[in-house]
Structures are given as C-alpha cells and as structure tokens.
Amino acid sequence: MKFGPVPLSDAEGAVLAHSVRAAGRVVKKGAVLGAEAIAALQAEGLAEVIVARLEPGDVAEDVAAEALARAVQGSGLKLTKAHTGRVNFKAERPGVLVVDAEKVRAINAIDPGLTLATLAPLTRVTSGLLAGTVKVIPYAVPGAALEAACAVAGGAMRLAPVVMRRAAVVLTEVPGQKASITTKGRAAVVGRLEALGIEAATVEVVPHDTEAVARALGGLSADLALILTGSATSDAHDVAPQALRNAGGLVDRFGMPVDPGNLLFLGALGEMPVIGLPGCARSPALNGADWVLERVACGMVPGPEDFAAMGVGGLLKEIPIRPQPREGR
C-alpha cells in the first residue's frame, strides 16, 4: 500500500486518509474517492489530499477484518458488520470464553496491521457481551499476511455455554446466627446462579451439623449443588466436606490459590458436582468461588492443574469490609 499526498486530479479510486469538509458535508477518512467527492474537494480550493492507494495483492481493511474474524469465529460467538477495519465478537448466550492464547499470539505476530484482542481466558460472558475484536489498523494489508493469519486462526476463541439448568443450595446456620446473614447469603448465591441462567430449584436451610447437611444433600435432585455454611470451612474434614462424604460423595479439592476464596472445596455426589462456597460468597463481589462456579456450570470442572494456574491473577481486589483483611489497617 502506498501512502502520501497526491494531486486531486490523480486521486480517483484512492482512500482518503484524513476527513475533509467540502460542499457542506464531510468526506470521511477511509472513503474511496470518486468523481463526485473529488469535484466537491476541488470546489473548496483543494489541490491535493493525503491518500492510501492499494497495490496488487492488498486487501481493503473491511474485507480483511471480516475474513480474519470469520476464520477466528468459534461456536457461540456472532460477528458485527465490518466498519473502519473492525469486526466485534458478541456472545450469543451466557457462558465462559475459551481462548487459545497461543493462537492469538500467532495471529498478532504475523503483521502489525492485523490484530485480535479478546477478553481474558475463561471470563464469564452474558448474551450480547463484547468478547473480542478484530481490528485492521491500516487501510489495507498484504493478502499474503491475511492468508497466513487466517490459516492459524481456527479455534482461537469460542464460547463454552452454560450446560447446567437446575441447582440446589444448602445453607447452614450456627446457634445464635442472625437471620440477616442467611438472607444475605441466599441472595448472593441465587444471584450468581441467575446471572448464569441457572434456576435455584431448591434452597434449604439446615443446622450447621454434619448429619443435617448429609441428609439435605442426600435428598437433592439437581445438576449442581452449592453449600454455604454459617461457619467457615477450615479443614477438609470439617462439617460440610464430611457431610458430602457421609452422603456418599467425594471431596476432590479443599482450598484454592485465590484470595478472597481460599476456603472453597469441590467434590461430587454421583454425577452432580458439589461446591462448598467460602464465606466471601455472601458478598456479590468477585471471589474465587465465581471462577469455579462459572467453569463447573459450563461443564469444565477444574482439575489440579487448573487450580494451580488460578494463582496467577488470583489476588483479587481487597475488600475493606472483610473481618480480617489481608493487610493491617
């Protein structure tokens, strides 16, 4: 692509590099100059303009952006119309964005004029949310570069949709616990489920007792179970995880490298995943439980390596109202 000033008499078919007002209207940058626009610019007394002129093999910005976006597009993502070299990816439904970071890096390493930006991997998205964008920076890019980018783009990003529809919530209360604590916890947990499009089919409040929790778990019929205890789970054999075992389930994980959210446990009762929520889940603020719930809801139950990786970026925003903040005030 050639770029620079040219006489108006030689500008037909070139791309205008800077917007110019002429004949009471604005000829916008990026416009392909035709006879009418050139005549209007000449009437304003202009003799030359700065333009970009495509060379053989170049691909115009909108055409290139659409081609790359279609090569990148994975399931659950819809594309906006190309405009000024940009195409956006919008989520079609609630879920988690799956990003192949190596593919994104490969695309962005081919030519500075071809770019792909995404939300962070495994970000929760809602219907219509902007999940990524392709931007072609110059007015055109070499066709060979576009071809190379499209060749590596497949699988760069997709939406893992929520696959669970019904959840059961078990809340425990310790002696003397204020009713407002239970109410707050119920609202926060149900709110998280609703944001994912999951129905809170049952919400049961039981004493903070191993056998009481075990009985509640044994009577559940749902895709997913969440337990929020009145007293924090401090050991893998504390009330809630032991109740899961007593009900015939398994505890696969206790603790995670995300703060707030350390005291989470994850297990299963038959085919039903069970998440023991940390106390911070009473607040709607982001915490480690959100990362686990969102992935489990999308059928992506995290394993040991996934939990280990959560430590990178796992130090979340300090919450001043926590009873024991991580730094002294």
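A surface patch is made of residues with over 30% relative accessible area and no salt bridge, with like charges joined within 9 Å and nonpolar side chains (Val, Leu, Ile, Met, Phe, Trp, Tyr) within 5 Å. A salt bridge is a side-chain nitrogen of Lys or Arg within 4 Å of a carboxyl oxygen of Asp or Glu. Accessible areas come from the Shrake-Rupley method with a 1.4 Å probe, and for residues only the protein chains shown count as cover.

The model is predicted: local features need pLDDT of at least 70 and side-chain atom pairs count only at pLDDT 80 or more, whereas totals for chains, interfaces and linings use all residues. Residues are numbered from 1 along each chain as its sequence is written, and side-chain values use heavy atoms, without hydrogens and water.

**First stop: the surface patch**

Select Met1, Phe3, Ile50 and Leu54, which form a nonpolar patch on the surface with about 330 Å² of accessible area together. Leu54 is found in the loop between β5 (48–53) and β6 (58–60); strands (E, at least two residues) and helices (H or I, at least four) are DSSP runs numbered from the N terminus. Leu54 counts as partly exposed because its relative accessibility is 35%, where buried means under 20%, exposed over 50% and partly exposed in between (1.4 Å probe, protein chains only).

**Second stop: the open sheet**

Next, display the six strands of the open sheet, in the order β16-β15-β17-β20-β19-β18 and with mixed pairing; two strands pair if DSSP finds at least two bridges between them. At the edges are β16 (199–207) and β18 (250–254), each pairing on one side only.

Select β15 (residues 166–173) and β17 (residues 224–228), which run parallel and are joined by five bridges. Ala168 stands opposite Ala225 in β17.

Proceed to β20 (272–277). Six of its six residues are buried: Met272, Val274 and Gly276 point one way, and Pro273, Ile275 and Leu277 the other way. β20 pairs with β17 in the parallel sense over four bridges, and Leu226 stands opposite Ile275. With β19, β20 runs antiparallel, joined by five bridges; here Ala268 faces Pro273. β19 and β20 form a hairpin with two residues between them, and Gly270 in the turn has a positive phi of about 65°.

**Last stop: the helices**

Finally, select helix α7 (residues 239–246), which lies across β17, β18, β19 and β20 at about 20° to β19. Axes are lines fitted to C-alpha atoms, for helices over the stretch in contact (heavy atoms within 4.5 Å), and angles run from 0 to 180 degrees between N-to-C directions.
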